[in-house]
Amino acid sequence: MIFDYVIYIMVSLLSSLASYYLTNNFYFLVGTMAVYLAYFLTYEFFFKRKERIKLKHNKDLTLFIHDFFLTYSIDYSLDKALQIAQENASSSLKEQVEMLKDFKSEEKLERLSDYFSSSLYQLFLKTIHLCNNNSENRAKTISFLLEENNRYIYNRKNLQKSIWRGLTEFSLLWIISFLILIIIRFAVNSYFNQIIKTWIYLIGIAFYFVFFLFSIHLFMQATHGRVKRYEQ
């Protein structure tokens, strides 16, 4: 979370400084900083925060399933399995389970559906139900769920790598774009004071930074869509 805020501030600051460098206009600096920060904070509040919480819960889920069945497959005790899984869980999950201390183990697992709102957890509950009602195929049923759990972990790692790769490519393209503008600024240095007084130039620079912000929005929306598909 702190890393995201650092990125928001850095992008806003560098963009505003670049706009000032290209226009020598203080209003461009303040305006660019204000618009960019407003966008990032709005996106963080309405999308990113929920996305971050959901990803954390899904990460908790894969660890929970692994620890739960590691114990459950020994003597098929829900109480012991839940206790071990709770011990290794994150603080938020521990608090959630602690709030359900007055319920039996099966009821606790059912009520955790609000915390683990994903299809994998529903499959987990079905697996528990099958194991309790069909002792002959317990090992096979558990094995299937653990494979699905491992696939879920694998997909999460691939998603993270893909997002970082996309972010790197996106950043490099725009860094090159900014460098080209800086080079042009040096190339017309002798005429620069005259150029920055023209409305066409100022409108062009304003459009450039609006387009840059719009491209950031498209990238973040595409990333959000991919994460949402993983969460289901």
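A charge is taken to sit over a ring if NZ of Lys or CZ of Arg is within 6 Å of the ring centre and within 35 degrees of the ring normal. The model is a predicted one, in which local features need pLDDT of at least 70 and side-chain atom pairs count only at pLDDT 80 or more, while totals for chains, interfaces and linings use all residues. Residues are numbered from 1 along each chain as its sequence is written, and side-chain values use heavy atoms, with hydrogens and water left out.

Select Arg138 and Tyr76 to begin: the charged end of Arg138 sits over the ring of Tyr76, 4.3 Å from its centre.

Next, select Phe124, which, leaving aside neighbours within four places in sequence, is in contact with Phe64, Ile65, Phe68, Phe69, Leu109 and Leu145, contact meaning heavy atoms within 4.5 Å.

Then move to Tyr8 and Phe40, whose ring centres are 4.9 Å apart with planes at 10 degrees, so the pair is stacked (planes under 30 degrees apart; over 60 is edge-to-face and the rest tilted). Tyr8 is buried at 6% relative accessibility and Phe40 is buried with a relative accessible area of 4%, where buried means under 20% relative accessible area, exposed over 50% and partly exposed in between, for a 1.4 Å probe and protein chains only.

Finally, select Arg185 and Tyr21, where the charged end of Arg185 sits over the ring of Tyr21, 4.8 Å from its centre.

Technical notes: Rings of Phe, Tyr and Trp (its six-membered ring) pair if their centres lie within 6.5 Å; planes under 30 degrees apart count as stacked, over 60 as edge-to-face and the rest as tilted.
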